Amino acid sequence: MAITAVLPEVNLPGVDLVSCAACHALALFLLPNGDFACPDGHAITPDDLHLFEPGDTWAITPVGALAIVTDPAAAYGRLCEARDGIENPDDSELADPHGAYREAVDALCSARALGLLLPAGAELIGQGR
Ligand SMILES: [Zn+2]
């Protein structure tokens with residue numbers, strides 16, 4: 001009997017599930033030994049998780065799926081840059097500092113929802129949109 005599996009829903013801004021490199025359609029789930037595998041058994045280890053873009057990191061969703069999420073430290077840096085752009089629009093290179101601020105807050109809230117710690121001293125005022 002064939003196992004059919006679909007990507008579980010993840011409804012957090014800036015969070016993308018990691019699909020299996022071997023079968024593409026299936027998500028990777030955390031195994032008890034700390035590795036990850038898709039429902040078809042293709043496994044990877046945490047050492048294979050070095051391929052993310054700068055500013056991204058990984059987390060585990062509530063259903064155990066591996067996801068890429070904006071690193072809270074990078075998101076907090078963007079939040080501070082956006083806040084500076086809102087306060088000093090003439091000195092900012094951001095076209096839409098308010099939009100950048102919302103995106104950064106969303107990324108921080110998503111990271112927090114997945115259990116990632118915010119940078120030391122980070123304070124969030126907004127909670128998404
Ligand atoms: Zn697979």
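**From one alanine to the zinc site**

User: Where is alanine 75?
Analyst: Alanine 75 is located in helix α1; helices are DSSP runs of H or I with at least four residues, strands are runs of E with at least two, and both are numbered from the N terminus. The structure is a predicted model, in which local features need pLDDT of at least 70 and side-chain atom pairs count only at pLDDT 80 or more, while totals for chains, interfaces and linings use all residues. Residues are numbered from 1 along each chain as its sequence is written, and side-chain values use heavy atoms, with hydrogens and water left out.

User: Is alanine 75 buried or exposed?
Analyst: Alanine 75 counts as buried because its relative accessibility is 1%. Buried means under 20% relative accessible area, exposed means over 50%, and partly exposed lies in between, using a 1.4 Å probe and protein chains only.

User: And what is alanine 75 in contact with?
Analyst: Apart from neighbours within four places in sequence, alanine 75 is in contact with Thr70, Ala104, Ala107 and Leu108, where contact means heavy atoms within 4.5 Å. Alanine 75 and valine 105 are 30 residues apart in sequence, and their C-alpha atoms are 7.6 Å apart in space.

User: Thr70 is on that list. Where does threonine 70 lie?
Analyst: Threonine 70 belongs to strand β6, which covers residues 66–70. Threonine 70 is buried because its relative accessible area is 11%.

User: How do helix α1 and helix α2 pack?
Analyst: Helix α1 (residues 72–87) and helix α2 (residues 97–113) pack at an angle of about 155 degrees, and their axes are 8 Å apart. This makes α1 roughly antiparallel to α2, a description used for angles over 145 degrees. The axes are lines fitted to C-alpha atoms over the stretch in contact, and angles run from 0 to 180 degrees between N-to-C directions. On the α1 side, the residues making the contact include Ala75, Tyr76, Leu79 and Ile86, and on the α2 side they include Tyr101, Ala104, Val105 and Leu108.

User: How many helices and strands are there in the protein chain?
Analyst: The protein chain has two helices and six strands. Along the sequence, they follow the pattern β-β-β-β-β-β-α-α. Of the 129 residues, 32% count as buried. Among contacts between residues at least 6 apart in sequence, 40% join residues at least 24 apart.

User: Turning to the metal, which residues coordinate the zinc ion?
Analyst: Cys20 (SG), Cys23 (SG), Cys38 (SG) and His42 (ND1) coordinate the zinc ion at 2.1 to 2.3 Å. Donors are N, O and S atoms within 2.8 Å of the metal (3.2 Å for Na, K and Ca), and sites may look incomplete because water is not among the atoms. In sequence, the donor residues are spaced C-x2-C-x14-C-x3-H.

User: Why is the arrangement around the zinc ion tetrahedral?
Analyst: The four donor atoms subtend angles of 100 to 116 degrees, so the arrangement is tetrahedral; four donors count as tetrahedral if all angles lie between 85 and 135 degrees.

User: What about the loops on either side of β5: where is proline 54, and where is threonine 61?
Analyst: Proline 54 lies in the loop between β4 and β5 (56–60), and it counts as exposed, at 76% relative accessibility. Threonine 61 lies in the loop between β5 and β6, and it counts as buried, at 6% relative accessibility. Beyond its neighbours within four places in sequence, threonine 61 is in contact with Val10, Leu17, Ala67 and Leu114.

Methods:
Tetrahedral: all angles 85-135°; square planar, octahedral: opposite > 155°, others 65-115°. Parallel < 35°, antiparallel > 145°, perpendicular 65-115°, else oblique.
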